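This report concerns aromatic rings and the charges placed over them. The sequence and structure are shown first.

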Amino acid sequence: MKKILLLSDTHSYIDDAILKHVKQADEVWHAGDIGNLAVTDSIKKLKPLKAVYGNIDDAKARTEFPLNNRFMCEDVDVWITHIGGYPPKYNNKVKAALVANPPDIFITGHSHILKVMPDKKLDLLHMNPGAVGTHGFHKVRTMLRFKIDGKNIKDLEVIEFEKR
């Protein structure tokens, strides 16, 4: 079993409250718009990190992290990308690959809107953790925490922080 902390859209922001949750996870997944790589460096000092770059990330971030990150966690097929859309309105850049070979979990960021929803047609779970950084229109900063146990995704929790 693995405890996962899922975050996105840090926009160069990291603090002790976020790092407290990082320390409680087995792995951290970042769905892009990292901003300053000091954010991911801070996370990597504490826990293993899987991440993608987002549209605000510079060449240095794009060298360190991929646009799409697909991997197995226990027996769960995971695909993370920053701009991926929502069921059934997926981004045209990923839609054909997503339909041809759907993962178990499809994770996106970008919108700053927390959303977890099944796509019954593709038999996948879509997750967007919202934004945990302070830059953007969102009023509440959010992350997701859950467990993967074999093929099961369970104990999903929303972690909320006030924006300022």
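The sections below treat the basis of the analysis, the aromatic pairs and the charges over rings.

## Basis

The model is predicted: local features need pLDDT of at least 70, side-chain atom pairs count only at pLDDT 80 or more, and totals for chains, interfaces and linings use all residues. Residues are numbered from 1 along each chain as its sequence is written, and side-chain values use heavy atoms, with hydrogens and water left out.

## Aromatic pairs

Rings of Phe, Tyr and Trp (its six-membered ring) pair if their centres lie within 6.5 Å; planes under 30 degrees apart count as stacked, over 60 as edge-to-face and the rest as tilted. The count under this rule is 4 aromatic pairs. One of them joins Trp-29 and Phe-146 edge-to-face, at 5.8 Å centre to centre with 70° between the planes. Trp-29 belongs to strand β2 (residues 27-30) and Phe-146 to strand β11 (residues 140-149), 117 residues apart; strands are DSSP runs of E, at least two residues, numbered from the N terminus. Trp-29 is buried at 0% relative accessibility, and Phe-146 is buried at 1%; buried means under 20% relative accessible area (1.4 Å probe, protein chains only).

Tyr-90 and Phe-106 are also edge-to-face, with centres 5.6 Å apart and planes at 75°. This pair ties strand β7 (residues 89-90) to strand β8 (residues 105-107), parts 16 residues apart in sequence. Both residues, Tyr-90 and Phe-106, are buried.

## Cluster and charges over rings

Trp-29, Phe-71 and Phe-146 make up one aromatic cluster. Over the ring of Phe-71 sits the charged end of Lys-50, 5.0 Å from the ring centre. Lys-115 lies over the face of Tyr-86, 4.0 Å from the ring centre. A charge sits over a ring if NZ of Lys or CZ of Arg is within 6 Å of the ring centre and within 35 degrees of the ring normal.

Definitions and conventions
Helices (H or I, at least four residues) and strands (E, at least two) are DSSP runs, numbered from the N terminus. Buried means under 20% relative accessible area, exposed over 50%, partly exposed in between (1.4 Å probe, protein chains only).
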